[in-house]
Amino acid sequence: MTPMTIGWAASAAVIVAAGLWFSWRWRRLSWRYASLEAANGELQQSLDRCRNALRALEGEYSQLTDRLPVGVLTLSSEVVRKANHKATILLGKGADSIIGRPLVHLDIPYDLLEIIRRVAELRAPVHEAITFGDAQPRIMDVVAVPLLPGEGASGEILMLINDLTELRRLETVRRDFVANVSHELRTPLATIRAMTETLQDGAKEDAEVANRFLENIIQEVDRLTRISDDLLILSKAEIGTPERRSVSLVQIVRDVVERVRSQAEAAHINIQMSDSPDSWLEGDPDQIEQVVVNLVDNAINYTLPGGSVLVTVQEQSDSVTLLVRDTGIGIAQKDLPRIFERFYRVDKARSRRTGGTGLGLSIVKHIVEAHGGSVSVVSEFNHGSTFTVTLPKNSSFKENEQ
Ligand code: ADP
């Protein structure tokens, strides 16, 4: 072999070796590429799974929070990220106009903005009651808590808004009611005490005076009994839903009219029941009787001698109506909106003389509304009144508000 041939052979060997090495590298790269592609595919799949799971979670979150009776908002960097259905109602804005928008661009109460800024600054929960709206102010209980750690306004904030307006109104009603009850009880108690002391101080020696005082004491005790009876009826009507039994309204009216006939005659008042179809409805017989008694009693008590009372029952396809019409003293327009309030009396002295407690009509309204019905009055001062009660035949009873 010549040196030249040896050189050629060596070069060829080097080229073959390089070729083999490149082909081996190429195959290895191809394998790696193929396995990378497979891994990428798997990653894509698990990413899709995560995305779907996230979407499902978000759907569940919305479904859950949309059912809550409180407003739920999440915010980050002073931008609303999520808002449930109640939050959009409380803020008076559609979800589209809130979500993704900076708070400063939303016309929301300044106090709410202040709370969010304070939470962002302190990174601590803030709980406060604030008022929304000027024309019809509503009281909102706001709880805002920082969710994720983050400096300044960048961290996430969860905010719960609860409308307390109705609760506060009921608290006021309850407070006023207790104050009214104690006032109503104090008056007869003070009279009883004063008369008893006068008797003790010597009036008992005068038989005539003593008898008059004792009669007055009995009257005041009767009055206390009536108040406590009416309070019991009212609280019974407030607790739970009424009984559901078949009730003949006509039969109840007939019984009540017969029972009060002698009382009406003694007061020189003519009481009549007009011919009515036998109308049945579902309800609590005792409570419906109470409604009839209270309205008929009032009609007699607020009608002057020589006047008349007419009670009518009318039947419609799905309801029954009771009308109690009198030719009595009537009610002035200014008093009409208030007569169904507890203890409201147009003429206290007159109501007192007739043994009224000021609770009769509020009992009527409560019972009728609990049966899913309604009560209204049309009256002309000095010319009489007509009270109309409409009750559904098949009551969808209203849950009593506590
Ligand atoms: P009261 O025990 O004083 O009768 P109610 O709640 O039954 O209380 O009625 C409230 C007030 O409404 C009465 O004090 C009276 O001023 C007025 N009122 C009720 N019914 C009549 C009526 N038929 N005619 C005139 N005024 C009435």
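The following paragraphs describe the packing of helices around α5 and α9 and the pocket to which both contribute.

The structure is a predicted model, in which local features need pLDDT of at least 70 and side-chain atom pairs count only at pLDDT 80 or more, whereas totals for chains, interfaces and linings use all residues. Residues are numbered from 1 along each chain as its sequence is written, and side-chain values use heavy atoms, with hydrogens and water left out.

Helix α4 (residues 165–200) packs on α5 at an angle of about 160 degrees, with the two axes 9 Å apart; helices are DSSP runs of H or I of at least four residues, strands are runs of E of at least two, and both are numbered from the N terminus. Axes are lines fitted to C-alpha atoms, for helices over the stretch in contact, and angles run from 0 to 180 degrees between N-to-C directions. The angle therefore makes α4 roughly antiparallel to α5, a term applied to angles over 145 degrees, with those under 35 degrees counted as roughly parallel, 65 to 115 as roughly perpendicular and the rest as oblique. By class, the contact of α4 with α5 has 17 nonpolar, four polar and three charged residues, where Ala, Val, Leu, Ile, Met, Phe, Trp, Tyr, Cys and Pro count as nonpolar, Asp, Glu, Lys and Arg as charged, and the others, Gly among them, as polar.

The axes of α5 (residues 207–238) and α9 (residues 360–370) come within 10 Å and cross at roughly 15 degrees, which means that α5 is roughly parallel to α9. In this pair, D230, I233, L234, A237 and E238 of α5 meet S362, I363, H366 and I367 of α9, contact being defined by heavy atoms within 4.5 Å. By class, the contact of α5 with α9 has five nonpolar, two polar and two charged residues.

Helix α9 also packs with α7, at an angle of about 145 degrees and with the axes 9 Å apart. Q287, Q290, V291, N294, L295 and N298 in α7 meet G360, L361, I363, V364, I367 and V368 in α9, and this contact has seven nonpolar, five polar and no charged residues.

The second largest pocket has a volume of about 830 Å³. On a 1 Å grid over the protein atoms alone, a pocket is an open set of points where a 1.4 Å probe fits, with protein on both sides within 12 Å along at least five of seven lines, and lining residues have an atom within 4 Å of a point. Grid points are joined across faces, edges and corners, and the volume is the space filled by probe spheres set on them. The largest share of the lining, seven residues, comes from α7.
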